[in-house]
Every structure is written in C-alpha cells, then in structure tokens.
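Below is a short briefing on one protein model.

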Amino acid sequence: MRSETAPDDGASGLTPYQQGLRRRLLTAPVVPAPAPWRSVFGGPAAVGGLTGIGFGVDPATEHDLVMVVSSQGYGVFDAVTGERIARDRDPEDDGPDGTPDLSCPWIGPLAGQRVRVAGLHGGGLHGSGGGWCVDVEAPDWPHHRILLSSNGGSWHRTPHTEGWWHVLHSTWSTLRAAGFSPTGRTLAVATSSDLTLWTRDPA
C-alpha cells in the first residue's frame, strides 16, 4: 500500500486542491477490477473474526495460496479457484501475535513451513506487483477505499477507470490488510469479517 489518507472530519481546513482530491474519491463509484484481473469469489467471502492473511505458492499447482488467520482458526484458500483446501479450527499455535516475524505455521500443502501474516498485529502486503499498484484511502474515515492502478496511473491525475479503478469500499468492517501476493498474481483485501481476492494470469 502506498498511502493512506489521514482521518478528518470533512473538508474543513483543506486547500482547494485537497478538497478536489477528496471529492474525486468520494464520487468515484465501485467498479469491477479491469482485465486481466477477475474476482475469485465473486465478491467478499465471509471469514468471521479475521485477524490476518499471508501468502505462499502451492508446489503442485503453482497457484498462489492465501493463509487466513481468524478467531475461528486457520484456513488456506487456492487464490485461483477460490477453493478452501485446508482448515484447522483449533490450531495448537496461537498465531502471529508475539512472534518476532509475525508468522504462524502453515497448514495444508505447505505444512511444516511458516507464513508471515499481515493484519491486526502488524505487517503488510506488497503495494505493487507486475506493473500494478494498490492504494488505500480514507476520505470518509473510518471507511476505506481500495484503488487499483496500472502502468503508472494515479488517482491524483488520471480519470477514474482510465488508469485507476475504485474496486472496493469497506464500510461494514475494519480493514486488516490490502495488497498483492509476492508473485503479483493475486490482489487481496482482508477485513475483520471477510476476504476479497482478485487473480490474474502470469504476464
């Protein structure tokens, strides 16, 4: 994530330029992510009490994997098909809180390894990958808007849907993490109640 707008009570105290940027964000509707991106779940997938997520790659399929840590335990999703391929409702490990590298043990195809988790306890995901960038902005904080841009497009300058796309507006839950997998093939947005994924084919 490249930036996050500081909380404010409205447009008071902003310069005319800043007010214009704020209006641009407030009036941009949510739109589908552009090609080659596609929604994995068709919208948010419910994950109650989500606290963080991490990424890996399945050695068998070479698909990105998403590890989800929540109050309900651990889960692993295939980020291409959306299938949940592993579940542990009562893991022995307490999760990334308190570990120096914010990691926890994988379950499923990468069992025996550890995954770094971004979310409630800290950490972060990649803000760019494969020529794409993601920004998190909050002109109406505490709600967050997820902006996807390509080829150097900037929501400050480029028209909406012509270089940047407002792909998610989180108004119902607390944002936990947003960003790309290390491969750049998956974009994830995690909130305290759900997970949204987009995937694209390798370039």
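**Cysteines, strands and a pocket**

C104 counts as buried because its relative accessibility is 0%; buried means under 20% relative accessible area, exposed over 50% and partly exposed in between, with a 1.4 Å probe and protein chains only. This is a predicted model, in which local features need pLDDT of at least 70 and side-chain atom pairs count only at pLDDT 80 or more, while totals for chains, interfaces and linings use all residues. Residues are numbered from 1 along each chain as its sequence is written, and side-chain values use heavy atoms, with hydrogens and water left out.

**Cysteines**
- C133 also counts as buried, because its relative accessibility is 17%.
- The count of disulfides is zero, where a disulfide is a pair of cysteine sulfur atoms within 2.5 Å.

- Strands (E, at least two residues) are DSSP runs numbered from the N terminus, and two strands pair if DSSP finds at least two bridges between them.
- In strand β5 (residues 73–78), six of the six residues are buried, so the strand is largely enclosed by the rest of the structure.
- Strand β4 (residues 64–70) runs antiparallel to β5, and six bridges join the two.
- V66 stands opposite F77 in β5.
- Two residues lie between β4 and β5 in the hairpin that they form.
- Strand β6 (residues 84–88) pairs with β5 over four bridges, again in the antiparallel sense.
- Y74 has D88 in β6 as its bridge partner.
- The hairpin of β5 and β6 has five residues between the strands, and G82 in the turn has a positive phi of about 85°.

**A four-stranded sheet**
- An open sheet is formed by four strands in the order β10-β11-β12-β13, with antiparallel pairing.
- Its edge strands, β10 (128–129) and β13 (164–170), each pair on one side only.
- Strands β11 (residues 132–137) and β12 (residues 144–150) run antiparallel and are joined by six bridges.
- V136 has I146 in β12 as its bridge partner.

**The second largest pocket**
- A pocket is an open set of points on a 1 Å grid over the protein atoms alone, where a 1.4 Å probe fits, with protein on both sides within 12 Å along at least five of seven lines; lining residues have an atom within 4 Å of a point.
- The second largest pocket holds about 190 Å³ of space, a volume being the space filled by probe spheres set on the points.
- Its lining has 14 residues, and the closest to the centre are R116, V117, A118, G124 and L125.
- β3 (50–57) and β8 (114–116) are the elements that give two or more residues to this lining.
- β3 supplies the largest share, three residues.
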